[in-house]
Amino acid sequence: MEMIVKRAGFFTSVQDLGRTGFREFGVSTSGALDPLALRVANLLVSNDERVAGLEITLGGLQLRFNDERIIAWCGGEFEVEIGSQSLPAGHVGRLQAGDELKFRTPQIGCRAWLAISGGVDMPIVLGSRSTDLRANFGGLDGRALRDGDVIPLGPRPGSSASAEATADRPIPATRISSWTAPHDWVSPAKPNPILRFLRGADWTRFNALTLQLLTSELLTASPDSDRMGVRLTGPELPRADNVDLISEAVAPGTVQVPPSGHPILLLGDCQTIGGYPKIAQVITVDLGMAAQVRAGDRVRFSEVSLGDAHQLFLQRERSLERFRIGLSLRDQ
Amino acid sequence: MEIVPLGDSALIVRVREQFDDAPEETLNEVLQTFQQLRGAAIPGMIELAPAYTSVAAFFDPVDVVKASGTASDIFDWLAARIGAATVPKRRGNRRSAPRTVEIPACYDPDFAPDLDEVARHAQISTEQVVELHSAADYRVACIGFVPGFPFMAGLPKKIATPRRSNPRKEIPPGAVGIGGAQTGIYPLRSPGGWNLIGRTPLKLFDPTKDPPVLLRAGDRVRFRAITREEFESLKR
């Protein structure tokens, strides 16, 4: 009922879909930076989509399992191996007790989400198993994984008396299934992504030239990016005024511009409030792509309307609903 | 009042444009809006959070569409609901008075590396700084930066001090600081640029508690100066 972290790799943490309901107390969302990736991986292994898994940054992770588990992962272009067999993104693999799982350095993108049947079993803190890495609570002692950590896993779905059979059900009949989820969901990383955005809440504080720069120039991700945000360098984005703004809410996807003129694209560990002007907001369906941006990647921004953003959001949830139904038919 | 989108799944209700010209009134109005929106339980709303002059509302577009029956104009539908829920209340409809929380604070030099700087800036003695800081009535305008960090209005103008040009990499939990015209308390070990003038033995954030914070927006706060001995015994 556990797995052993033989090597924690560059940066690995326990995450689920994040914390909601505690923003008024300054508690960040945390959670998988690409919630869809974790939801899909969970669905593939017949977990509830809200179950906790691991978020792997830049690879180097090596795990050993102590019992039989089904796993799936989604994210950047990682090479993942069960023993010596490779497991592509969005496929389902079966691990036997004693098997090892390895995530190597990704070619494109920087993060992956691993779902394990039964899920990572950590105490629920403020409604979530996610690690809050800034405030150091949740997940495993509020910190990233280390070599030698022992990670408890939940009971496998259907492993109780009624259905020991489910553990032996024919799917995946082979070690690696041929079944998969849509490519955009399981492998959203692009070397030079185009991120669609809505006008930010402080859009009018920038002049026309700045707004044109935002959509016409390539911005480069700098190495001091982390789960709080991606720092972008390129042409400066000056403001039209220099009024001190009163802090108000920010959220994952907010693009804020500090006095340096170099924008920061906020991700899941961002603060709940901020005082820098918000020039743009990356739309929810593109946050998965944003979570893959790594140092040196060149990002382009492209404006969409609020109506379009909502349509894209709703369409994606409808497709996910169909995918869920498809899986439940598979599981019968 | 102005309602602006914060992306496709959140919006900001800007109740007022300014804070400093009327902090009490602004805060009361913002908190009233926060309570009204909470009470209205608008379908699809996930959570609400007040901050100085505004209230942020986070929603799930799927649930909003289920309730509104139309997939177009999600924002307009929500804005109309919010508008209807926040009609100004008539006088006589009295809100409950904010609670007052007393924060014991030790201004011992060991805990106050920037007390001299604040005194120099105000051109008064360090004792006077402590007196002014512990005699004032404060109000929590917003919780943020890190979980449980109270941004408090009401600092005597005399001791307002600009943030340090070199922020510290690590500030201990409980540190009481002055940042510009505000005072605050660091709940967790964190970096920060405020001038540190004391420390409280109280825990401002505890994720195992419900609610996890000692202070919330709207609370009235007073600091009570305590000795080093009291600090150590309260800490236990």
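**Close-up views of a predicted two-chain model**

**View 1. Pairing of strands S16 and S17 in chain A.** In this predicted model, strand S16 (residues 254–256) of chain A and strand S17 (residues 264–266) of chain A are joined by two bridges and pair in the antiparallel sense. Within this pairing, A:Val255 has A:Leu265 of S17(A) standing opposite.

**View 2. The barrel of chain A and the helix packed on the sheet.** Seven strands of chain A form a closed barrel in the order S12-S19-S16-S17-S14-S13-S20, and their pairing is mixed; from one strand to the next, the twist averages 40°. Helix H4 (residues 208–216) of chain A packs on the sheet, where it touches strand S19 (278–282) and strand S20 (298–303) of chain A, and the direction of H4 makes about 120° with that of S20(A).

**View 3. Crossing of helices H2 and H3 in chain B.** The axes of helix H2 (residues 61–68) and helix H3 (residues 74–85) of chain B come within 10 Å and cross at roughly 75°, which means that H2(B) is roughly perpendicular to H3(B). H2(B) brings B:Pro61, B:Val64, B:Val65 and B:Ser68 to the contact, while H3(B) brings B:Ile74, B:Trp77 and B:Leu78. Sorted by class, the residues of this contact are six nonpolar and one polar, with no charged residues.

**View 4. The contact between chain A and chain B.** Chain A gives 34 residues to the contact and chain B gives 41 residues. On the side of chain A that touches chain B, strand S15 (248–249) and helix H6 (306–331) each supply at least two residues, and the largest share, seven residues, comes from H6(A). The residues on this side of chain A comprise 18 nonpolar, eleven polar and five charged.

How values were computed. Residues numbered from 1 in each chain as written. Chains lettered and ligands numbered in written order. Predicted model: local features only at pLDDT ≥ 70, side-chain atom pairs only at ≥ 80, totals over all residues. Contact = placed C-beta atoms within 7 Å. Helix = DSSP H or I, 4+ residues; strand = E, 2+ residues; numbered from the N terminus. Nonpolar A, V, L, I, M, F, W, Y, C, P; charged D, E, K, R; others polar. Axes fitted to C-alpha atoms, helices over the stretch in contact; angles between N-to-C directions. Parallel < 35°, antiparallel > 145°, perpendicular 65-115°, else oblique. Pairing = 2+ DSSP bridges.
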